[in-house]
Amino acid sequence: GGYTFFSTDYHIAPIADLADVFASLCDEAGLCMRVEEHSFSGACGRAFGGRKPTCARGLRVLTKENAFDFCPRPHALRRAFFDAYRGPDSPLAAVDAFVCNHPPALCEAYMPFNKSLLVVATVNLEFSRENEERWAEWLRSLRAIAANRRNVIAANNPYDAAYIRHFAGIEAEYIPSYCGYAARSAGPYSPQLHK
C-alpha cells in the first residue's frame with residue numbers, strides 16, 4: 001500500500017526530492033507512494049535523472065498565471081478551485097495529501113479538501129504573499145494548518161525553519177534537500193581548474 005501526494009509547484013526540484021525518496025522506500029521497503037505532479041515551473045518539460053516531464057495539464061481553475069498569488073481575487077479563485085474538484089467523482093478524491101513547496105502558500109488552495117497538507121518552505125515564507133494583507137492572511141492560514149496534527153510544516157533549510165518560527169510561531173521540521181536524482185543524471189562533480 002501507499003499514499004498519493006498531489007503537487008502544483010513552480011519549482012521541479014523540491015518535489016523531485018520527495019519522489020526520489022519515495023522511490024527508494026518502494027524499492028527497499030515495499031512502501032510505494034505516488035506523486036501526482038502538475039508543475040507550473042518553466043523547467044517542467046525537461047527530463048533528466050530519470051525524471052519525466054511534469055507540466056500541468058488538464059487542471060481546472062488553477063493556471064500558471066493565477067496559482068502563484070491567486071490574484072486578482074484570491075478568495076474567489078480558491079472557492080472556484082474547490083467547487084471544481086469537490087465530490088466523490090473528483091480526480092482529487094483519491095489524493096491523500098497535498099504538497100506545497102514553491103510557494104508554500106499554494107496550500108491555501110487545498111485547505112478546504114480536508115486532507116493532509118505538507119507545507120515545505122523552500123523559500124521565504126511570504127513568497128507570493130508579499131503585501132501586508134495577504135501576508136497576514138497567509139500566516140493565519142499556516143497556523144490553522146499547523147494546528148491539525150495530520151499536517152506537516154517544514155523547511156528545507158535551517159534559515160527558513162527559523163523564519164517560520166519567528167513570523168508564524170510554528171516549530172517547523174527541518175528536512176534538508178536531498179537531490180539524489182541530480183547526482184545520477186549529472187554524474188560525479190569534479191571541478192576543473194584551468195590556468
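Student: Is Phe127 buried, exposed or partly exposed?
Tutor: Phe127 counts as partly exposed, because its relative accessibility is 24% (buried is under 20% relative accessible area, exposed over 50%, partly exposed in between, with a 1.4 Å probe and protein chains only). This is a predicted model, where local features need pLDDT of at least 70, side-chain atom pairs count only at pLDDT 80 or more, and totals for chains, interfaces and linings use all residues. Residues are numbered from 1 along each chain as its sequence is written, and side-chain values use heavy atoms, leaving out hydrogens and water.

Student: How many aromatic pairs are there?
Tutor: The count is 15 aromatic pairs. Rings of Phe, Tyr and Trp (its six-membered ring) pair if their centres lie within 6.5 Å; planes under 30 degrees apart are stacked, over 60 edge-to-face, the rest tilted. One of the pairs is Phe68 with Phe127, edge-to-face at 5.0 Å centre to centre and 85° between the planes.

Student: And Phe98 with Phe113, what kind of pair is that?
Tutor: Their planes are at 45°, so that pair is tilted, with the ring centres 5.7 Å apart. Both Phe98 and Phe113 are buried.

Student: Which residues make up the cluster linked by ring pairs?
Tutor: Phe6, Phe81, Phe82, Tyr85, Phe98, Tyr110 and Phe113.

Student: Switching to charges: which charged end sits over the ring of Tyr85?
Tutor: That of Arg60, 4.4 Å from the ring centre. To count, NZ of Lys or CZ of Arg has to be within 6 Å of the ring centre and within 35 degrees of the ring normal. Arg129 likewise has its charged end over the ring of Phe70, 4.5 Å from the centre.
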